[in-house]
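Thanks for asking me to look at this one with you.

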Amino acid sequence: SRATRSIVLVGLLVGTMFARAFTWRLSSAACRAFADARANALAAASRNRSRLKQSRRLLGIDPPDVPAAEQISCSDPEQQTALKEIFAALRTRDWEAGVAAYGRFSDPEPNLALAAVILAERCGKTTEAFDLYVDLRRRKELTARVFTHLIRLAGKVHTVLAQAMLAEMKVCKLQPNQQNYLALLELFKQRRDAKAARETWQQMRQDIGEASEMTLCSVMSAVAKSGDVAGTEALLLEGNKIGRPHFNCCLDACHVAGDADNAFRILGEMKAAGCPPDVISYNSVLGALDKAGRPSADRVRLLEDMERSGVKPNNLFLERHIACILGIPQKGAAVREVLQLPSEVRVEALETIRKAEADGVEPTLLTQKVKQVIETEHLAKENDWVKVVGKDGAGSPLEYYWDRSSGLTQWEHPDCQVMETVSA
């Protein structure tokens, strides 16, 4: 009838208005959630970068951005003033201001030249740094510390040039120290050149004798990045005092190689050696399990071992755990594709994220996006959908779906449970 038809049309109109309002509410909430997630992720990334930077400084890989005045100073008051200007330029990476301060002196003190070289490295001024090197060589004022920065700069061009700088030290009658070798090992680690790292390690042992624990850790890390599990483990025999970082290098090799069996074995040997694993250890083993395509039972076994050991997950472990559950990459994942996965998989991921957040684990951008997508989908499917049947004005059958909680109406099935069928 015309009255029934009018009621249906009015219902559709009202339903559409409610749908728009509901969709806008969801979109606004999603935008706010994404903005909060992005802010949290950026803050967490900043903290992680600070922790990484501090660790690299402790290993001697990176010098401070602004060397402390008590570490580098000049005897001449005017040059000391120029040194402070270079320190200020380091903070802002202002090469022009720093080189202007340095250029005021025809005979700069070695420490002023060192500060200028550090500034050149920080500003990426390779040519200018080697101009300083030529001047220092002419004046016979080169030091091992200057060469550490020159080795890193040379490595940006080619590792062969960095190795040549190490040989140049001997020509200048300077004995290379561990900081020089560490700078070279770091380059090989970045290039995943395990062979060159081993050769440099052997050369260092010949030049300076017994190496420190951190130097051994550096070469092991370089070899591990190539996925050579046996080669990384073999280096354990060359250290007098083996600690957790060295075992973690072996586990990192297992992760790169996707060697889950050896990862579990090394984890056990690590405990037997009196080196309790940390979250980095378990993160590497989890990565090995994921790369090897091992079943979820192995992941559960690892998580139970982690809990027994009293090791709490951090945000990086959580991110890898969620990626393993969902079978997605940690970077570049199309998060909305997780909605195609079985519901039990999505529920496991969501519960894992919620539990970690309740334990104080900081979210990452990936975990926030996964949580937002799954929760939004759950919210959409918790509505009160019914099937409406009737006839249009011409007497033809009419069917559509109506969400009584939001007013949303649509012709297609909502792909969730329909509570009942009602008459128009």
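**Notes on the model**

1. Let me start with A197, which is buried, with a relative accessible area of 0%; buried means under 20% relative accessible area, exposed over 50%, and partly exposed in between (1.4 Å probe, protein chains only). A197 lies in helix α9. Helices (H or I, at least four residues) and strands (E, at least two) are DSSP runs, numbered from the N terminus. Leaving aside neighbours within four places in sequence, A197 is in contact with L185, F188, V219 and A222, where contact means heavy atoms within 4.5 Å. The C-alpha atoms of A197 and L184 are separated by 8.2 Å, with the two residues 13 apart along the chain.

2. A word on what you are looking at: this is a predicted model, in which local features need pLDDT of at least 70, side-chain atom pairs count only at pLDDT 80 or more, and totals for chains, interfaces and linings use all residues. Residues are numbered from 1 along each chain as its sequence is written, and side-chain values use heavy atoms, with hydrogens and water left out.

3. How confident is the predictor? The protein chain averages a pLDDT of 82, and 81% of the residues score at least 70; pLDDT is the predictor's confidence in each residue, from 0 to 100. Over residues 2-14 the pLDDT is below 50, and this stretch has seven contacts in the model beyond near neighbours in sequence. Residues 16-31 also stay under 50, with 11 contacts beyond four places in sequence.

4. For the overall picture, the protein chain has 18 helices and four strands. Of its 424 residues, 43% count as buried. Among contacts between residues at least 6 apart in sequence, 63% join residues at least 24 apart.

5. Back to the helix that holds A197. How do α8 and α9 pack? Helix α8 (residues 178-191) and helix α9 (residues 194-208) pack at an angle of about 170°, with their axes 9 Å apart. That makes α8 roughly antiparallel to α9; the label applies to angles over 145 degrees, while those under 35 count as roughly parallel, 65 to 115 as roughly perpendicular and the rest as oblique. Axes are lines fitted to C-alpha atoms, for helices over the stretch in contact, and angles run from 0 to 180 degrees between N-to-C directions. On the α8 side, Q178, Y181, L184, L185 and F188 meet A196, A197, T200, Q203, M204, D207 and I208 of α9.

6. Do have a look at E168 in helix α7 (residues 159-171). At 14% relative accessibility, E168 counts as buried. Its side chain makes a polar contact with the side chain of R137 (2.4 Å). A polar contact is a pair of N or O atoms within 3.5 Å; within protein, one must be able to donate a hydrogen and the other to accept it, and residues adjacent in sequence count only if both atoms are side-chain atoms.

7. R299 is another buried residue, with a relative accessible area of 12%, and its place is in helix α15 (residues 296-308). The side chain of R299 makes a polar contact with the side chain of E348 (3.3 Å). Beyond neighbours within four places in sequence, the contacts of R299 include L286, L289 and H321.
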